[in-house]
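Here is a short briefing on one protein chain. Keep the structure open as you read.

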Amino acid sequence: QNLTNGLNLSQKQTPNGTELNCKGWIQEAALRMLLNNLDPEVAECPEDLIVYGGRGKAARNKASLSLIIKALRDLENDETLLIQSGKPVAVLPTHADAPRVLISNSQLVPRWATQKHFDELEDKGLMMYGQMTAGSWIYIGSQGIVQGTYETYAALAKKHFGSSLKGKLNVTAGLGGMGGAQPLAITMNEGVCLAAEVEEWRIKKRLETRYIDEISYDIDEAIDQAVTYKNEGKAISIGVVCNAVELLQRLIERNIVPDTLTDQTSAHDPLIGYFPEGLTVAEAAELRQHNAEEYIKQAYATMAKHVKQMLELQKRGAITFDYGNNLRGRAVEAGVENAFDFPGFVPAYIRPLFCEGKGPFRWAALSGDPQDIFETDKLILELFPENESLQRWIKMAQERIAFQGLPARICWLGQGEREKAGVAFNKLVAEGKVKAPIVIGRDHLDTGSVASPNRETEAMLDGSDAVADWPVLNALMNTAGGASWVSLHHGGGVGIGYSIHAGMVIVADGTAEAEARLKRVLHNDPALGVIRHADAGYDIAQDTARKFRLGLKL
Ligand code: NAD
């Protein structure tokens with residue numbers, strides 16, 4: 001196949017099947033996952049190489065993309081390709097068990113790690129923002145986030161509403177690559193979702209992929225409809241084309257208090273990700289291009305108002321939480337001193353899972369055949385019969401989630417479970433029960449791979465929120481263990497200056513060598529998370545560490 005010329009990214013071009021374009025399955029997996037990240041069914045704006053999350057890209061520019069493709073096709077099984085912020089810079093000799101690709105994205109020396117400095121470097125073509133799984137080539141479309149969002153709302157429902165969101169009004173905003181999972185996750189938990197989104201096409205895209213049920217162009221009508229569904233106990237989602245602050249303003253004026261309230265606009269990126277109020281999409285694009293400073297000023301003003309409205313609705317009784325986009329951090333920068341009066345979703349709902357090494361384990365079928373994923377689903381159901389929420393999730397995912405690009409699946413697995421699944425997948429490949437190798441990875445939003453004080457490591461028990469040794473150790477350990485590609489990023493989720501995090505992908509190609517690597521990497525990767533949380537003093541993590549004999553041999 002001609003993969004290097006004429007990169008028309010509006011057309012699907014991820015290779016699939018059993019024929020190799022590269023000199024080994026690991027390189028082939030990297031090539032397919034890179035192109036899958038940019039598949040028009042998967043990426044938010046493939047023409048601009050933007051995968052998701054504001055300006056999260058898979059390669060720095062089209063020239064770099066062509067070169068990466070070429071380098072991967074030529075790469076030997078004892079060589080490693082180096083990627084510097086989306087640009088291939090070298091191929092160096094390593095060995096068969098070493099990663100085939102090592103990636104570093106958006107790293108800046110801390111004193112210079114500001115959005116402004118990053119923007120200047122990006123303008124000069126020297127850097128790229130990799131977000132999390134965009135620049136590390138393991139984004140799988142909105143499904144990737146659905147289960148995490150489902151887990152979060154399930155944990156919230158368990159804590160506050162007797163385990164279901166039935167008859168509850170859940171308000172949010174932002175229906176992009178990640179945020180688009182919210183309506184589905186809420187209706188899967190039986191609740192009503194009312195979400196504001198500025199860009200009409202985003203809602204339409206979610207309608208097509210069945211992540212949302214209805215679109216509305218009138219705020220009051222949408223509110224009335226949502227309240228009706230709430231009263232009828234119906235699980236239906238509505239996307240309303242408006243700015244988040246317009247929706248919240250009407251809710252406040254009409255004194256309609258949502259049961260839950262959050263937000264997933266791209267507030268981490270005030271220039272590209274967040275829309276100031278009072279501007280149409282076209283006007284915003286114009287202002288962004290011609291007067292970036294003014295745009296950022298207006299974005300900050302809207303974010304300050306947005307957070308004040310959330311605080312007001314929280315005061316009136318809405319269970320309010322930050323959904324990992326640094327909206328509170330931006331509001332503090334804009335002078336809203338009490339922005340952190342509502343909690344982030346990690347300390348509120350996710351940290352106990354991290355303490356058991358649980359996090360977003362995901363895999364994709366390189367064959368491109370959905371049947372291969374159904375085989376892996378069957379295996380997961382057999383491997384973990386005692387895990388009821390996992391059983392429920394896999395069945396629901398099969399019914400309600402449309403595949404985007406290469407068929408893929410996600411489920412949260414913990415210490416012990418991930419290596420068990422990885423080795424079993426490798427066996428499926430070896431026995432020919434699936435048609436081609438399976439690629440296994442995870443989000444950077446995981447137990448041991450991220451330091452992000454306004455999100456994953458907010459309010460750590462010992463105050464170690466900003467300690468970034470852990471994600472660096474994670475990347476080094478996964479390299480030593482022989483992951484297929486390893487990445488270290490800066491600024492994902494919450495923006496430049498706010499986070500350091502690592503990615504890991506490993507290929508199950510059915511060989512004995514792959515089995516040995518899978519055992520090591522899928523043991524060590526979550527282990528770092530358990531150890532990190534045990535070190536910070538969490539009981540659950542200390543128990544998990546004891547159970548799996550992690551840590552020092554004293
Ligand atoms: P995206 O850029 O693909 O989508 C953001 C959406 O927000 C866009 O559709 C945009 O039109 C909309 N938007 C921006 N400003 C708005 C406003 N004022 N009112 C209404 N709509 C507005 O980003 P994404 O991938 O969906 O991620 C969204 C945010 O969530 C990011 O900040 C990301 O870092 C964060 N995130 C959270 C998690 C998590 O688990 N909680 C995971 C990944 C990303």
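Helices (H or I, at least four residues) and strands (E, at least two) are DSSP runs, numbered from the N terminus. By that rule, the chain has 18 helices and 17 strands. This is a predicted model: local features need pLDDT of at least 70, side-chain atom pairs count only at pLDDT 80 or more, and totals for chains, interfaces and linings use all residues. Residues are numbered from 1 along each chain as its sequence is written.

**Overall build**

- The C-alpha atoms of the chain fill a box of roughly 65 × 55 × 45 Å, taken along the principal axes.
- A compact globule of 554 residues would have a radius of gyration near 24 Å, and the chain's 22 Å agrees with that. The radius is taken over C-alpha atoms, and the globule rule is 2.2 Å times the number of residues to the power 0.38.
- A residue is buried if 20 or more other C-beta atoms, placed from the backbone, lie within 10 Å of its own. Of the 554 residues, 57% count as buried.

- Two strands pair if DSSP finds at least two bridges between them.
- An open sheet of six strands has the order 8-9-7-6-10-11, with parallel pairing.
- Strand 8 (214-216) and strand 11 (319-320) stand at the edges, each with a single partner strand, so one side of each has no neighbour in the sheet.
- Inside this sheet, five bridges join strand 7 to strand 9 (residues 237-241). Ala195 has Gly239 in strand 9 as its bridge partner.

- Strand 16 (residues 485-490) is mostly covered, with six of its six residues buried.
- Trp485, Ser487 and His489 point one way, while Val486, Leu488 and His490 point the other way.
- Strand 5 (residues 101-105) runs parallel to strand 16, joined by five bridges. Ile103 is bridged to Ser487.
- Strand 17 (residues 500-508) runs antiparallel to strand 16, joined by six bridges. Leu488 is bridged to Ala502.

**The annotated domain**

- UniProt, in an unreviewed entry, places the feature "domain: Urocanase C-terminal" at residues 352-546. Such annotations may be inferred rather than shown by experiment.
- Over residues 352-546 the chain is 46% helix and 18% strand. The end C-alpha atoms of this stretch are 16 Å apart.

Terms used
Buried ≥ 20, exposed ≤ 12 C-beta atoms within 10 Å, placed from the backbone.
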